[in-house]
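This briefing covers a hairpin, a chain interface and a domain arrangement. The structure comes first, followed by the notes.

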Amino acid sequence: MFPKIHKERDKNLSRVKLQFLTNSVALEVNEDVCQGCGICIKVCPKQAMERGPVGDSKRNNKEDVIPTLVDPKECSYCGLCSYMCPWNAITLYKDDEKVELDDLDIVKHNAVPELEVTMRKCKDGVEDAKSYLEGEIEFKTENCAGGCNTCIEVCPTGALTLEKPDAPWDKGRKIIVDKDKCIYCGTCTNACPVFDAIKLTIKEVKTKGKYNEIFWNPVVERLKISRMRDGKKIN
Amino acid sequence: MKLYKVRVNEFLCDGCGDCYSACPINASLKKKSRLNANTAVIIIKHGKAQQGVDGCDGCGVCVETCHKEAIKIQLIE
């Protein structure tokens, strides 16, 4: 019966596809480029995306762990996630042809405004990131489990460092954020195993141009949520 | 919805308990003094590590810590 749902996984590409009788749409996540920031999970209007084990996939790059997963039944193939992804890790395909970001339907019909993008350099082995968010990030070290260092290792720009302790026998616990490097993508909040150790507040999404309020306003609201997991708001 | 699970290779695991103490979720439970065999995510049972309660977050610390490379995190769909 149509539409047929395909789920494929090549070495570093996970793909979901909806095949109609004569045409098809597909969404592809490049796992090598994806950093697991979770912006796609936040903005998805249908909440069709879920997070995988982010920390493990970034630490070990194993083949059986994916940072983000797409539910092919829920996805509406609008391409908003590919538009918002800072690393261009997600691509939308129509009839097996790649859809460029400017050719997306939501861009053509002015549902979303143009993002004021500044390119930021990331740490070695990670492509440059689109930065369009402004905000604040706060580490509550008293809630931190201590010593797992997941946030430092997943940070795509290398903005986080561990403070050197005063005495050599002390364990360094405080995490310092380099505000020139941080792009407020939220990878650390997405990967942190403890619930309320990192608080990210997005103050501004830099945009210009016309947009559809009914579509775009809820997207901005969801972007401001500190941490999204299993489609539920946690803090 | 749980998507991933800790898988321990029982032939390699020697039950040292490094993963039990390194797991950040276990550590945060320990802070609230609620850590026991019924709440821990990784438990040591009969001298081998194994998955306890569902709640693994996929941070990968246990995979890093294990000196026998016996732990894997696996996706379940």
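This is a predicted model, in which local features need pLDDT of at least 70, side-chain atom pairs count only at pLDDT 80 or more, and totals for chains, interfaces and linings use all residues. Residues are numbered from 1 along each chain as its sequence is written, while chains are lettered from A and ligands numbered from 1 in the order in which they are written.

**Hairpin in chain B**
- His46(B) takes a positive phi near 50° in the hairpin of β2(B) and β3(B), which has 2 residues between the strands.
- Strands β2 (residues 42-45) and β3 (residues 48-51) of chain B run antiparallel and are joined by 4 bridges; strands pair if DSSP finds at least two bridges between them.
- Ile44(B) has Ala49(B) of β3(B) opposite it.
- Helices (H or I, at least four residues) and strands (E, at least two) are DSSP runs, numbered from the N terminus.

**Interface of chains A and B**
- On chain A, 19 residues are in contact with 17 residues of chain B, where contact means that C-beta atoms, placed from the backbone, lie within 7 Å.
- Helix α2 (residues 54-60) of chain A supplies the largest share of the chain A side, 5 residues.
- That side of chain A has 9 nonpolar, 5 polar and 5 charged residues; Ala, Val, Leu, Ile, Met, Phe, Trp, Tyr, Cys and Pro count as nonpolar, Asp, Glu, Lys and Arg as charged, and the others, Gly among them, as polar.

**Domains of chain A**
- The domain assignment gives domain 1 (4-112 + 211-227) and domain 2 (129-201), with bounds from an automatic or database domain assignment.
- The centres of the two domains, taken over C-alpha atoms, are separated by 25 Å.
- Between them, 14 residues of domain 1 are in contact with 17 residues of domain 2.
- α2(A) gives the most to the domain 1 side, with 4 residues.

Notes
Two residues are in contact if their C-beta atoms, placed from the backbone, lie within 7 Å.
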